[in-house]
Amino acid sequence: MNTTELMKLSPVIPVIVIDDESHAVPMARALVAGGIRVLEVTLRTPSALAAIRNISREVPDAIVGAGTVLNPEHLLAAADAGAQFAVSPGLTQALAAAAKSSGLALLPGAVTPSEIMLAMELGFNNLKFFPAQQSGGVAMLKALHGPFGSTKFCPTGGISLETAAEYLALENVACIGGSWLTPKALMQKQDWAGIQQLAEQAVTLLRKK
Ligand SMILES: O=C(O)C(=O)C[C@H](O)[C@H](O)COP(=O)(O)O
């Protein structure tokens, strides 16, 4: 799995926070049943690595990766837990080197021209654009398309079902990320049918051209 393939698999990548390890597998099954296979579990909670491990073992149709990967230790722990990709909010040389040597696909974050140039220098042409809305959103991505015509972005941060289509219509946007598919309230209630419905709604409304 490389990031080009990954970004083609789903118009939207849910950004997931797992507070309770037991929620991971039923939540992943609900998203997959709703048509979303690529899942980003953020390493923000103590349950995250166990969640990745359990999803990768028990939900074979899911392609599970780790989000909030901030350093080589996170990346290696994610790979060890069975993550098939990693997403980071930014990029460092150490993280780039760890991704290269481990072979794990990394989607690193960049928003400014210099950050994008550095990422390209380190071998990354598929980037997360984070935080998307706060960094200038659609207008910023349109402006970046001029000098960086071959770079593809996955904007994430501040995007909702209402604004998602605007992003996906851009030539340099391959997919988007968002937390709205797994809201805390539904997770706490273990409302897996509700999460499946959110996934179905997103898939129906957001087919990438
Ligand atoms: O922790 C990370 O590395 C992240 O990926 C941050 C997420 O992209 C945003 O938290 C998602 O943004 P919202 O959809 O606005 O909630």
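Author: A residue is called buried if 20 or more other C-beta atoms, placed from the backbone, lie within 10 Å of its own. This is a predicted model, in which local features need pLDDT of at least 70 and side-chain atom pairs count only at pLDDT 80 or more, while totals for chains, interfaces and linings use all residues. Residues are numbered from 1 along each chain as its sequence is written.

Reader: What percentage of the 209 residues count as buried?

Author: In this protein, 45% of the 209 residues do.

Reader: With 209 residues, what radius of gyration would a compact globule have?

Author: The radius is taken over C-alpha atoms, and the globule rule is 2.2 Å times the number of residues to the power 0.38. The rule gives a value near 17 Å for 209 residues, and the protein agrees, because its radius of gyration is 16 Å. Along the principal axes, its C-alpha atoms fill a box of roughly 45 × 35 × 25 Å.

Reader: How many helices and strands does the protein have?

Author: Both are DSSP runs numbered from the N terminus: helices are H or I with at least four residues, strands are E with at least two. Here there are 10 helices and 8 strands.

Reader: Which strand does β4 join by 4 bridges?

Author: Two strands pair if DSSP finds at least two bridges between them. Strand β4 (residues 85-88) runs parallel to β5 (residues 105-108), with 4 bridges joining them. Phe85 has Ala105 of β5 as its bridge partner.

Reader: Which residues are closest to the ligand?

Author: A residue is near a molecule if its C-beta atom, placed from the backbone, lies within 6 Å of it. The ligand is surrounded by 14 residues, and the closest are Thr68, Pro89, Thr156, Gly178 and Ser179.

Key: A residue is buried if 20 or more other C-beta atoms lie within 10 Å of its own, exposed if 12 or fewer, and partly exposed in between; C-beta atoms are placed from the backbone.
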